[in-house]
Amino acid sequence: MNRTRRLRKKESIRRLVRENSLSVNDFVYPLFIEEGSGIESEIESMPGIKRFSLDRISSELNEVVELNIPSILLFGIPADKDEEGTETWNDEGIIQQAIKFIKKNYPSLYIITDVCFCEYTSHGHCGIIHNHDVDNDSTLTNIQKQVISHAKAGADMVAPSGMMDGTIEAVRSVLDNSGFEDLPIMAYSVKFSSAFYGPFRDAADSAPAFGDRKTYQMDPANREEAMLEAKYDNNEGADILMVKPALSYLDIVRDLKNEFNKPIACYNVSGEYAMVKAAAQKGWIDGEKVMMESLTSMKRAGADIIITYFAKEAAKILNK
Ligand code: PBG
């Protein structure tokens, strides 16, 4: 008889035949940095995650370094917003200050910056509004200004997340023409228009004031189009291709892994985090086990890099 159970008899043999395992090397930890001072505020819908001002962020960064998490993804929350999000390319803006502070005090941390406008625009959309919609090509010009400002401040990698067409080409060319030819791009290639971003929009104060993001983020029903998005970004010179959210889109992660010879990242987003935390708080699931199981499923689907709010918690378990 075929007996697959033979190799499941003991933990030691299960370890030997285990196909995928998580490592702290897989993790990128997102951080919300708010302009101002004395800020360390809990995000209600994301237990354990806070918004920090720069003067209060050291204990968090010490912990990330001690846990050996290699990288952080920075989101800025500026004091002032305007129509175009001009603060995004202010060389003394909150993200630029954060990059310089972290580079100086935590040189081992690899700094990735989220490149977008929704936290910086008064209307909360990811670019310049013309006729009640985000205008693609004029937004590209502002993305270029933002990217150069991040690069000059010392970012190690940029991650454009706005889903404008031609972003990667625009970013690659401006970096190459400005002496940053070695700065890599992680493309939010396949970013779906998802209700799983709900808690993030509270955390980053970035909910759109009118309408939704369906004219730029992808329809969750589409798989062929996901491949097209990734192909364009691949051809335009993205170094890493990302799928977002993660859990409801693991088929897309696997599609990309099979098709491209580049590292694949997935973003385990705020709503995915919040659901686990909420159910665990109610005692309905074992939060730690569900966390490790879902992170492992991302690895199994083909993710080389996992961006996750669970990074610190999972690292504590993995480092044991
Ligand atoms: C846009 C951006 C979003 C997230 C990361 N970058 C949200 C959006 O499109 O509204 C979501 C992250 C998360 O939910 O954890 N700059």
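Mentor: Let's start with a term: on a 1 Å grid over the protein atoms alone, a cavity is a set of points where a 1.4 Å probe fits but cannot get out. Its volume is the space filled by probe spheres set on the points, which are joined across faces, edges and corners. This is a predicted model, where local features need pLDDT of at least 70, side-chain atom pairs count only at pLDDT 80 or more, and totals for chains, interfaces and linings use all residues. Residues are numbered from 1 along each chain as its sequence is written, and side-chain values use heavy atoms, leaving out hydrogens and water.

Trainee: What is the volume of the largest cavity?

Mentor: About 150 Å³. The structure holds three cavities of 30 Å³ or more.

Trainee: Why is the chain called as compact as a globular protein of its length?

Mentor: The chain has eleven helices and twelve strands, which are DSSP runs (H or I, at least four residues, for helices; E, at least two, for strands). Its radius of gyration, taken over C-alpha atoms, is 20 Å, close to the 20 Å from the globule rule for 320 residues, so the chain is that compact. The rule is 2.2 Å times the number of residues to the power 0.38.

Trainee: What percentage of the residues count as buried?

Mentor: Buried means under 20% relative accessible area (1.4 Å probe, protein chains only), and 53% of the 320 residues count as such.

Notes
On a 1 Å grid over the protein atoms alone, a cavity is a set of points where a 1.4 Å probe fits but cannot get out, and a pocket is an open set with protein on both sides within 12 Å along at least five of seven lines; lining residues have an atom within 4 Å of a point. Buried means under 20% relative accessible area, exposed over 50%, partly exposed in between (1.4 Å probe, protein chains only).
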